[in-house]
Amino acid sequence: MARVSLSLHDEMQLMAEELRRHFSPSQLERLARETGFIQRQRKLRAQDFVTLAAFLNHDLATYPLTALCGELDAARQVSLSAEGLNQRFDESSVAFLRKLFSTLLEAKLLAAASLPCDLDRYFQRIRILDATLFQLPDRFAPRYPGSGGSAHTAGMKIQFEFDLKTGRFLYVDVGSGSMNDGLKGTERTQTVTSGDLCIRDLGYFCLKDFQQMEQQGAFYLSRLKINVRVYEKNEAIKHFKNGKVKKESLFTEIDLESIMNQMKLGEIIEIEKAYLGRNSKYATRLLIYKLTEEQTQERLAIRFKNEKKKGITYREKTKRLSAINVYMTNIPPTTIAKEQIYPLYSLRWQVEILFKTWKSLFHIDAVKPVKIERFECQVYGKLIALLLTSSLMFQMREILLRKKKQELSELKAMAILKSYLGKLYDTVDNGMEEMVELLQRVFQMIAKNGRKSHRYEKKTVFDLLGIVYESRKKIKATAS
């Protein structure tokens, strides 16, 4: 069904109504009472605490308590002592912010319409799962052990999955740095539905997961772990004297290194039906890409750096196979040609752009050895702000494309939206029209300064998805 065309004012009014519903003082107080953050009338109300944790331009876990008190008084006219504020950082305050975040996540806050693209014919959703990790002060190790296995290191990992076509957050899980990616990948596989395309990196590699996706009518695209043995069916099957087939003769192992040595730089070789694993062999489509010399040297340099800095030791075979990328997928060749598999996989890097905004713009990883509940309040406060900002960004991306046929830059738009976030939250208590006007101003600013730059002929997300839009280069060419 075609979407009804609305004016920009009406588009923003729908967004404003949803924001006011989820962030109204009555809704926030209800969640605060459910979690025990508010048990009786206090000077610090639920909406004031949300302001402090999510919508002021500071970091709870790095700013001094006295400075936070000043920020709170200036923004909400709430006067607290430093010790009084410190006491409010407890298990109930963490539970309140966690509950608010999960409520917004489950409600699909400001869910944008799916972008119309060429891939709609094949995939309902393009699901990208990844995790971001950052170190914490050693004192947090009992609750958040790090990934290195040492009791004296601490870290936090946030698992994240989103749909590239709508921008909707599908899953967010906050845990220790030692959280196992593979187990989380298997959990998320249970939620895959027919028509989904799941793009995953090597941390989530699991043959059983890929097999289950295929059984559920979904598609997967992943790099192949180099230590996984690859086979092809043997045409010359051998038999015992009694006529029974020798099982070891059914398949022949494929020598990837030998294939690599015969390939030209930039060449792609496809094996439409390869078999993976030693015992129960799983059939998949395999694509081998020979990297350029520059790409190979860059990869070797990264691996050398990891060996020196992180104590990682790569196998000699892994180093020798650095000149190729091997991908596996169940997408038929008639759907996506071999030349398009790597560009399709490169869409996975969009999650890295989001993670970049989490750290560079919102400083979710900024922390000092403070009270642990204060740090956790920062994490969930930042996630609330990130969910809101990302939801607004993806909504405005869709509107900008639909109304002006233009492509939005995620980084630029997130930076612009962050500047308005506190003011936008303040308008919740004011009239509806004030919020609508502010949202219109934000959209106009994004349309003016938040568009994607098209440089060096590098393909953008819209190019890779096959979305019809007008690039700046095309507009300039027409104008000249």
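Me: Leaving aside its neighbours within four places in sequence, which residues is Thr189 in contact with?
Reply: In this predicted model, Thr189 is in contact with Arg200, Asp209, Gln212, Met213 and Gln216, once the neighbours within four places in sequence are set aside. Thr189 itself belongs to helix α7, which covers residues 181–189.

Me: Is Thr189 buried or exposed?
Reply: Buried means under 20% relative accessible area, and because the value for Thr189 is 0%, this residue counts as buried. As for its side chain, a polar atom there lies 2.8 Å from the backbone oxygen of Gly185.

Me: Turning to the sheet, what is the order of its strands?
Reply: Strands of a sheet pair through backbone hydrogen bonds, either parallel or antiparallel. Here the sheet is open, with ten strands in the order β3-β2-β1-β4-β5-β10-β9-β8-β6-β7, and its pairing is mixed. Strands β3 (169–176) and β7 (251–253) stand at the edges, and each has a single partner strand, so one side of each is left without a neighbour in the sheet. From one strand to the next, the twist averages 30 degrees.

Me: How many bridges join β2 to β3?
Reply: Seven bridges join strand β2 (residues 154–163) to β3, and the two run antiparallel; within this pairing, Gln159 stands opposite Asp173 in β3.

Me: Which strands does helix α13 touch where it packs on the sheet?
Reply: Helix α13, formed by residues 350–360, touches β1 (125–136), β2 and β3 as it packs on the sheet, and its direction makes about 35 degrees with that of β1.

Conventions:
Residues are numbered from 1 along each chain as its sequence is written. This is a predicted model: local features need pLDDT of at least 70, side-chain atom pairs count only at pLDDT 80 or more; totals for chains, interfaces and linings use all residues. Side-chain values use heavy atoms; hydrogens and water are left out. Helices (H or I, at least four residues) and strands (E, at least two) are DSSP runs, numbered from the N terminus. Buried means under 20% relative accessible area, exposed over 50%, partly exposed in between (1.4 Å probe, protein chains only). A polar contact is a pair of N or O atoms within 3.5 Å; within protein, one must be able to donate a hydrogen and the other to accept it, and residues adjacent in sequence count only if both atoms are side-chain atoms. Contact means heavy atoms within 4.5 Å. Two strands pair if DSSP finds at least two bridges between them. Axes are lines fitted to C-alpha atoms, for helices over the stretch in contact, and angles run from 0 to 180 degrees between N-to-C directions.
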